[in-house]
Amino acid sequence: MLCAISGEAPQQPVASRKSGNVFEKRLIESYISENGTDPVTGEELAVEDLVDLKQARTVRPRPPTLTSIPALLSTFQNEWDAIVLETYQLKQQLAETRQELSTALYYNDAAEKVIARLQRERDEARDALAKVSITSNGANGSNGDAMQVDGQGLPEAIVAKIEETQKQLSSTRRKRPIPDGWVTEESLQAFDAKNTSEPLYAGSQSLAVDESGDLVLLGGSDGVAGVYSLSQGQVTQTLQCGSGSVVDALWYGNKPVLALSTGSVKVFDNGEEVASFDQHAGVATALALHPCGDVLASVGVDKSYILYDLVSLKSLVQIFSDSELTTAAFHPDGHLFAAGGAGGAIKLFDTKSGENVANFESTTQTAPLQTISFSENGTWLASASRGQTSVSIWDLRKMAEIKTLEMGTAVASVSWDYTGQFLAVSGQGFVAVQYYAKSSKSWSEPFRKALNAVDAQWGPQAQSLLALASDGAISTLST
């Protein structure tokens, strides 16, 4: 039985109640009075935690070296020399440790300064990128004018067109009856996948259906897009977009319009590129067409949205915001433009002035906005954030979120039908339709299909749904 401090047999042995270690009583009491801890484990230890151990009292014979004064002096000298040598070694180790610590602190301070400088340069570069002004020389010289930036405003003719469109649509929208032959809740329950095309364009992100309901516009990650005919079951036009992937697509009459990851917005006619707008400094993330049919909007990661005149094929104005913009939609009357931010907020802009008139911010959805869609009733807006499993319904009159629809898996797209009764939702492993009954003011889900879809759009009379897979395969869901 040896003392854990001195390594020798204790004269008055005690044991710790907590660790069970044995100590010489005078040594451990002295250590506790100075440190209050167990010297072996470092745990808190008090004198009361020590237990006296009883052992047979033995008298050890004095060693021969301690039988005379000269022998004692020699022993004391040897012990002193050993202590001096140990002290010298400890001082050497302390000096080396201090030097290593000083070097480590120097390197850490230098690394922090470099990181701070790089972060400052990154923020300055991002700020400069958000405010950069680019001059575009469009294809065939069709849009070679320099773009206009915020502060210059829209031309009077465009403002008059927006005002006339709003006046006309807002006066008739609430009185519109549900068209004959429109889909019903009962017929939706009978929807099923009738046919699915072969994979067309890998990396597809969105599709657009023309007014006839037969031609579908989509593109892939290799910079190639195409027009797919549902009746013929084949691609009837191939559109070469150059470098970059196709991010979004829509129809301007019978002309395809595409947004690319390079920041370009391209307009095609009969398979040929007729205009290319290159104002975005970064990815052009989404497109939206104004209800008047002649004004196009695009948003991008450069924190701006741009309006274009598709008649003259010229850019009109560029409006900057305080965050990256990821998705976009025009109000059914055209007087408001909604853009989804990277922070999860929905920013509402006055179309004519470009003023940010309102922001919708959800307490549950803070990821970048994935998709937004205005209801045809003019008062509701549906949105979903990237990676989120729910859809938020916003009321423009109350400026608040009035309903959350839980879908179970991540939502990729939302799309209201013309009547504002049915909301098509697609995402990871499903395509579904949410139905709002005005009579009972309640929501239900009359249709759900297990189908991976990155986008879903309504067909003619909402009698079909077109679902797009990420490999470019198009599934037609109908009765």
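Colleague: By class, how many nonpolar, polar and charged residues are in the lining of the second largest pocket?

Modeller: Bear in mind that this is a predicted model: local features need pLDDT of at least 70, side-chain atom pairs count only at pLDDT 80 or more, and totals for chains, interfaces and linings use all residues. Residues are numbered from 1 along each chain as its sequence is written, and side-chain values use heavy atoms, without hydrogens and water. Ala, Val, Leu, Ile, Met, Phe, Trp, Tyr, Cys and Pro go down as nonpolar, Asp, Glu, Lys and Arg as charged, and the others, Gly among them, as polar. Sorted that way, the lining has 6 nonpolar, 4 polar and 5 charged residues.

Colleague: Which residues lie nearest the centre of that second largest pocket?

Modeller: A pocket here is an open set of points on a 1 Å grid over the protein atoms alone, where a 1.4 Å probe fits and protein lies on both sides within 12 Å along at least five of seven lines; lining residues have an atom within 4 Å of a point. This one is lined by 15 residues. Nearest its centre are Arg 173, Glu 376, Asn 377, Thr 419 and Lys 438.

Colleague: Is Thr 419 buried or exposed?

Modeller: Thr 419 sits in the loop between β25 (411–416) and β26 (422–427), with strands being DSSP E runs of at least two residues and helices H or I runs of at least four, numbered from the N terminus. Its relative accessible area is 16%. Buried means under 20%, exposed over 50% and partly exposed in between (1.4 Å probe, protein chains only), so Thr 419 is buried.

Colleague: Which residues is Thr 419 in contact with, leaving aside its neighbours within four places in sequence?

Modeller: Contact means heavy atoms within 4.5 Å. Glu 376, listed among the residues nearest the pocket centre, is one of the partners of Thr 419.

Colleague: Why do the buried residues of α3 line one face of the helix?

Modeller: The buried residues of α3 (156–172) are Ile 158, Val 159, Ile 162 and Thr 165. Directions are taken from the helix axis to the C-beta atoms. Seen down that axis, the buried residues line one face because they fall within an arc of 125 degrees.

Colleague: And which residues are exposed on the other side of α3?

Modeller: The buried residues of α3 have cover that includes β14 (295–300), β15 (304–309) and β16 (314–320). On the other side, the exposed residues are Glu 156, Ala 157 and Lys 167.

Colleague: What does Thr 165 touch, not counting residues up to four places away in sequence?

Modeller: Thr 165 lies in helix α3 and is buried, at a relative accessible area of 10%. What Thr 165 touches is His 290, Pro 291, Cys 292 and Asp 333.

Colleague: What relative accessibility does Ala 462 have?

Modeller: Ala 462 is in the loop between β29 (455–458) and β30 (464–468). Ala 462 is not a glycine, yet its phi is positive, about 55 degrees. Ala 462 counts as buried, with a relative accessibility of 0%.

Notes: The expected span of a helix is 1.5 Å times one less than its number of residues.
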